[in-house]
Amino acid sequence: MTVPTETSADDVVSVVSRLIRFDTSNTGELETTKGEAECAQWIAAQLEEVGYQVTYLESGAPGRGNVFARLPGADSSRGALLVHGHLDVVPAEPTDWSVHPFSGAIEDGYVWGRGAVDMKDMVGMMIVVARHFRRAGIVPPRDLVFAFLADEEHGGKFGAQWLVDNRPELFEGVTEAVGEVGGFSLTVPRRDGGERRLYLIETAEKGLQWMRLTARGRAGHGSMVHDHNAVTVLAEAVARLGRHRFPLVLTETVVQFLTAVGEETGHVFDIASPDIEGAIDKLGPVARIVKATLRDTANPTMLKAGYKANVVPAVAEAMVDCRVLPGRQAAFEAEVDELIGPDLSREWMTSLPSYETHFGGDLVDAMNSALLAVDPDARTVPYMLSGGTDAKAFARLGIRCFGFTPLRLPPELDFTALFHGVDERVPVEALKFGTEVMSHFLTHC
């Protein structure tokens, strides 16, 4: 493979811009998903150019490219650390954007484009740090496994999940992992009138489950009276489910997060208060993530029924996006069954379990030290992600997983709105900050 001269220098800004210019849109359909193989092969070339032995493979289907590279560490008796990032992105409609979503434009102090924060920022940091370590002859304290993966945006069927099931030897010796949606800063007002940057380390994820509901009735002419109309039965059940608020459940991770924020801000988050969500709203835009981790959710997203206006169909279907808190699966399913009633059947089309680990240990200490080395005013706190990542697959191998993509963000930036959003972008200075933190972290992990 030939390494393009435009990225011969390890500049994280130009690398992230180049990654964005690969259109790796994942539509969820094999026929229309594109770009992963081309992007993966380009990354493989970057790593091979500095001496890595690279494994490139397509997982489960042509074009679903993945790249693995291992950097041996000083202590082979220690478990390896997996550093992972996904190459695919959700689709983007160019007419909605201020810049073309696959331009990788560098303007106004940001790198713009689909994937800028989800998650080609982390992928760019990984490439730059991995190349620097090889060029400088840096030996990390333990083996590092760099993994660049396909299909995360559609559950990992042709990415992490497939690799765990079919190529577990790629993860040999790995005991811990770091990936996306953690390590970013949240600036909060201090009780003394100043500000404090909290860096949110992801230690937990809700379960991700897509449920299909099916109602069956008797087909017939639309002009007749129908007591068993599948569309009506389905619509009533979907409405009940969509309006339902599941009970408030505060996990250990969420309690630790709210306690830390309360210590800094002076806000009191009374876990027994019926208005705890109102108190959380005071945190600003990040509140939308935090509030989604207080209870299970079941959001109807798709409806399918009928083929002609004057025919009552025999079958009606709905898809529901369910996100379930750790330890709540059985109770959640019982609650759903009661809501939808006996006239519908349900089945899980995708079922990726929740995950939670404790906020402590040597790896957490290394994250904290790396952030403090670059930002002395940092404080790390745990939090739960309402969505899901490839960590769900790696946890099945007994790997302890964290979200750690360090970014020092401007206080006014609505960071959470950028994920899958229009005008997705990442600050240039945040990328440089994250690369410095990641380099420190991986030499002390």
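Mentor: Asp108 counts as exposed, because its relative accessibility is 70% and the cut-off for exposed is over 50%. Keep in mind that this is a predicted model. Asp108 lies in the loop between strand 4 and strand 5. Its phi is positive, about 55°, although Asp108 is not a glycine. Most residues other than glycine have a negative phi, and most peptide bonds are trans.

Val181 also goes against that pattern. Its phi is near 60°, again a positive value in a residue other than glycine. Val181 sits in the loop between strand 7 (174-179) and strand 8 (184-189). Is Val181 buried or exposed? Val181 is buried, because its relative accessible area is 11% and buried means under 20%.

Now follow the chain past strand 5. The loop between strand 5 and helix 3 holds Met119. The peptide bond from Asp118 to Met119 is cis, and its omega is near -10°.

Next comes the packing. Strand 4 (106-107) and strand 5 (110-112) are among the elements that cover the buried residues of helix 1. Others include helix 2 (36-48), helix 3 (120-136) and helix 12 (428-442). Helix 1 spans residues 12-21 and is mostly covered, with eight of its 10 residues buried. Those buried residues are Val12, Val13, Val15, Val16, Ser17, Arg18, Leu19 and Ile20.

Two of the covering elements, helix 2 and helix 3, also meet each other. Two packed helices are described by the angle between their axes and the distance between the axes. For helix 2 and helix 3, the axes come within 9 Å and cross at roughly 20°. Helix 2 and helix 3 are therefore roughly parallel to each other, as the angle is under 35 degrees. On the helix 2 side, the meeting residues are Trp42, Ile43, Gln46 and Leu47. On the helix 3 side, they are Val123, Ile127, Ala130 and Arg131.

Ile43 leads on to the core. The largest nonpolar core has 95 residues, and Ile43 is one of the members that touch the most others. Phe146, Phe148, Phe257, Phe441 and Leu442 are listed with it. Helix 3 gives this core its largest share, nine residues. At least three residues come from each of domain 1 (12-181 + 389-443) and domain 2 (208-352).

Finish at Phe148. Beyond its neighbours within four places in sequence, its contacts include Ile43 and Leu47.

Methods:
Residues numbered from 1 in each chain as written. Predicted model: local features only at pLDDT ≥ 70, side-chain atom pairs only at ≥ 80, totals over all residues. Heavy atoms only, no water. Buried < 20%, exposed > 50% of the residue type's maximum accessible area, 1.4 Å probe, protein only. Helix = DSSP H or I, 4+ residues; strand = E, 2+ residues; numbered from the N terminus. Contact = heavy atoms within 4.5 Å. Core = buried A, V, L, I, M, F, W, Y, C linked by side-chain atoms within 4.5 Å. Domains from an automatic or database assignment. Axes fitted to C-alpha atoms, helices over the stretch in contact; angles between N-to-C directions. Parallel < 35°, antiparallel > 145°, perpendicular 65-115°, else oblique.
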